[in-house]
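Here is a short briefing to read alongside the model. Please keep the viewer open and follow the residues as they come up.

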Amino acid sequence: MTAPDKIKILEYTMGNFASGRVLPAKKGGAAIHLYYNEGAWIEGRAEDQLQQVACLEGVRAVAAFPDLHPGKYGPVGCAVLSDKLHPQLVGSDIGCGMALYALDLPLRRWKPDKMAAKLRCLAEPHGWDLTEDLEHYDLTGDLFLEALGTIGTGNHFCEVQRVVQADAESGLTKDQLCLLVHTGSRGLGHQLLQEVLADGLVAYDPASAEGQAWLERHDQAVTWAWLNRMVIAQRAASALRCNLTLISDCPHNLVTQELGAWLHRKGAAQLQDLVPLAGTRATDSFLLKPGAGGNAALNSCAHGAGRRYDRASMHGRVSKAKSSLEALRRPTANGRVICEDKAMLIEEAPQAYKSAADVANDLARFDVAHVVATLAPLMTFKHAKTGGRHD
């Protein structure tokens, strides 16, 4: 393995962490551990942000994954262990995550046109009474409840997938249909971050009144996001007239108390028994099992392919011709995308993202996680105009 001069293969031990590739931090900064190889598509700006994060007050260690790309307050695709709380490192979509469900809908019953018409219901108000659910999880007050059960914008989606390959430990079988939901806390998390950062970036003492208040609202947003994914999945299953079984719900934007400090994850999946890793609308997704190196990687791993190009630049990379847009709505022979927002369709085009297979391979190379199932996209719901057809 030939590494660039500035990145060497080292071993670093501090408590429970040890790492392979290390990016030298700026003077006074914490160690930065890289879980991707030299050939991975990583913007230099993202690594610059890693070094900035490593110098924040109280930061002990940083782990970065192959889906790493630049973000607003720090890179997406990293985990940061700190004695202080840094709300900006989690971002506005607190609790965002991936939830994978197995469906009892046989593949022989899958009719693309009919299923597309049914899934369009996700664009409409659900009209469900969620009062008991909200009370059960202490979600009361002005918590953007009208948005509960909605996907949102950006890279969020609800996708029906077919299992292409599955090991026994995945709990899935070949040709089984599954549902992958990716969304978070919507306006609730956004409002919280805006309030916290009204006077600039902050670093809270976890024991302070401010720190405790933020943690309480953060935890509420994480619960809201989890419930949001569940309601979306139930809505989709109801529309498709099938039952669902949870395989894994894995958040990737949150703070948890782990490893003797506070672990901030921004686009870094919380390792658990099984972890979904999303592909693009044209490429496979994967179900991962943690490896022996997972603990070394701050109990975290990649959550998806990661952006290769930012949203703004995609408007110059993808044609806006009607034929090109239709091709994006049918990215594979068997795949359909329901997205009636032209800008979103372009900004979230498959070519905007890295290879999820390459990301999974890097995670396996560092023994962070290994693929136990491969799933191909069949139908992806992102956005629909209520009461109408797309342009």
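The points below cover salt bridges, a charged surface patch, a helix and some backbone angles.

This is a predicted model, in which local features need pLDDT of at least 70 and side-chain atom pairs count only at pLDDT 80 or more, while totals for chains, interfaces and linings use all residues. Residues are numbered from 1 along each chain as its sequence is written, and side-chain values use heavy atoms, with hydrogens and water left out.

**Salt bridges**

- The structure holds 14 salt bridges, a salt bridge being a side-chain nitrogen of Lys or Arg within 4 Å of a carboxyl oxygen of Asp or Glu.
- One of them joins E340 to R120, with 2.2 Å between the closest N and O atoms. This pair links distant parts of the chain, 220 residues apart: E340 is in the loop between β16 (336-339) and α9 (342-347), and R120 is in the loop between α3 and α4. (Helices, H or I with at least four residues, and strands, E with at least two, are DSSP runs numbered from the N terminus.)
- Both E340 and R120 are buried; buried means under 20% relative accessible area, exposed over 50% and partly exposed in between, with a 1.4 Å probe and protein chains only.
- R311 and E348 also meet through their side chains in a salt bridge, at 3.0 Å from N to O. R311 belongs to helix α7 (residues 311-314) and E348 to the loop between α9 and α10 (356-365), so the pair ties together parts that are 37 residues apart in sequence.
- In that pair, R311 counts as partly exposed because its relative accessibility is 32%, whereas E348 is buried, with a relative accessible area of 6%.
- E326 and R329 form a salt bridge of 2.9 Å, N to O. Both lie in helix α8 (residues 322-329), 3 residues apart, which is about one turn of the helix.
- An α-helix has 3.6 residues a turn, so residues three or four places apart point the same way.
- E326 is partly exposed at 28% relative accessibility, while R329 is buried, with a relative accessible area of 5%.
- R162, K174 and D175 are linked in a network of salt bridges.

**Negative surface patch**

- D129, E132, D133 and E135 form a negative surface patch. Patches are made of residues with over 30% relative accessible area and no salt bridge, like charges being joined within 9 Å and nonpolar side chains (Val, Leu, Ile, Met, Phe, Trp, Tyr) within 5 Å.
- D129 is exposed because its relative accessible area is 64%.

**Helix α6**

- Helix α6 (residues 209-240) has 32 residues and spans 47 Å from its first C-alpha to its last, close to the 46 Å expected at 1.5 Å a residue. The expected span is 1.5 Å times one less than the number of residues in a helix.

**Positive phi angles in loops**

- Most residues other than glycine have a negative phi.
- L298 is not a glycine, yet has a positive phi of about 55°. L298 is found in the loop between β14 (285-290) and β15 (300-302), and counts as buried at 1% relative accessibility.
- D367, also not a glycine, has a positive phi of about 60°. D367 lies in the loop between α10 and β17 (369-383), and counts as partly exposed at 29% relative accessibility.

Methods: Areas by Shrake-Rupley, 256 points an atom, 1.4 Å probe, with all protein chains shown as cover. Lys, Arg positive; Asp, Glu negative; His and termini not counted. Charge placed at Lys NZ, Arg CZ, Asp CG, Glu CD.
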